[in-house]
Amino acid sequence: MEKEVSADWVGLPNDVRSAMSVAWRNGMPPSASALYARWWQLETWMRSLVYVELRAAYGPDWASRLPKFPEKRRLGDQAFRYMVTPDAQALLAYTDATNLFEIIETDWPLFEDALLQKAVWAGRTVELRNIRNRIGHCRRPHADDLSRLEQTLRDLEGGAFRAAAAFNRQSRVPKAWKDPLVEAWVECQHETAQRLIEHARRKYDTTFHLLCSRRPWVASTQATPPLSGTGGYVWHATWHMRNRGLNFRDFWEDNAWDALRETILLVCATGPHTLEISFPMLEDPAAVATTIGTAFDLVLHHQLRGDVPQDAYERWSEINADLDPRVQTRSTWSIVDDSTKPISIFGA
């Protein structure tokens, strides 16, 4: 463990190591740095979880479940374009932790399986708010703040695993489903599907599949298959590039996406040879079909020619770390499934 910590520290950029060392030498308690780091893990996970569950439950109306002020904050932030961060497009990035707790309480059934028993979570949030206030006002931590926060992360491990594993518990969509998106991309009635599916397989060794998953709060006993317009289900458009890789940054930043990104839930990739774009089933199936078609053209257009460089694997997350927060490269949502046990999501 000491060797791992040392390697992590040495691997940091010089300005980061210098800033931390100078701050500790000049009055900042090291425990405050540790506390902020653990809080960052907790709050970013809660935001991500809230985003996925609200999008799955409410589709394009998901933002109506948020407080009114995040949009104003986001627009105000964008006025300073030279300071825009990778999270600038995410409404939840401008939502306070207290509001996150309130959103979770209001839509509790969506989050129950990923958090704690309701009464336990309610009591825990009282402590968490106090810790967050101390961090926000730069007050010195209580001696037990770090251990309390780490215990919360440990308590959330199981629920976080279940939430992510459900996202990646995907089933192949059969042709028998009478659904507009199935007709478009499984029965190949969409113009782009007719043009590209076989062409991509033969000329690019790239295969496409449409899959679906359900969120944990959806009852598993359902007489009819889920269809477009059904809450709690997610479409997954997937591409596998056998002998080529994808220039992921160029793919995502292509201007062709400008009018289409709002239908997308997440874009997941664990390396240059795979790509998955997910959509809530509540999104308009015609818009989703169009987005998949555009993505297909871009997948072929931005493929790397020849052998994929080794550092495309070794530095995959680092290379793509500053993209839109919907883009998940080797993250909890992209790698955790039923087969990845044992795994620690928070490492607390």
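1. Basis. Because the model is predicted, local features are taken at pLDDT of at least 70 and side-chain atom pairs count only at pLDDT 80 or more, while totals for chains, interfaces and linings use all residues. Residues are numbered from 1 along each chain as its sequence is written, and side-chain values use heavy atoms, with hydrogens and water left out.

2. Confidence. The protein averages a pLDDT (the predictor's confidence in each residue, from 0 to 100) of 88, and 87% of the residues score at least 70. Confidence is lowest in helix α4 (residues 69–78), with a mean of 59, and highest in helix α6 (residues 108–111), at 97. Where pLDDT is low, the predicted coordinates should not be read in detail.

3. Overall make-up. The protein has 15 helices and eight strands, these being DSSP runs (H or I of at least four residues for helices, E of at least two for strands) numbered from the N terminus. Of its 348 residues, 44% are buried, that is, under 20% relative accessible area with a 1.4 Å probe and protein chains only.

4. Helices α3 and α8. The axes of α3 (residues 30–58) and α8 (residues 145–167) come within 10 Å and cross at roughly 30 degrees, where axes are lines fitted to C-alpha atoms over the stretch in contact and angles run from 0 to 180 degrees between N-to-C directions. The pair therefore counts as roughly parallel, a term for angles under 35 degrees.

5. Their contact. Contact (heavy atoms within 4.5 Å) involves residues including Trp-39 and Trp-45 of α3 and Leu-149 and Leu-153 of α8.

Key: Angles under 35 degrees count as roughly parallel, over 145 as roughly antiparallel, 65 to 115 as roughly perpendicular and the rest as oblique. Buried means under 20% relative accessible area, exposed over 50%, partly exposed in between (1.4 Å probe, protein chains only).
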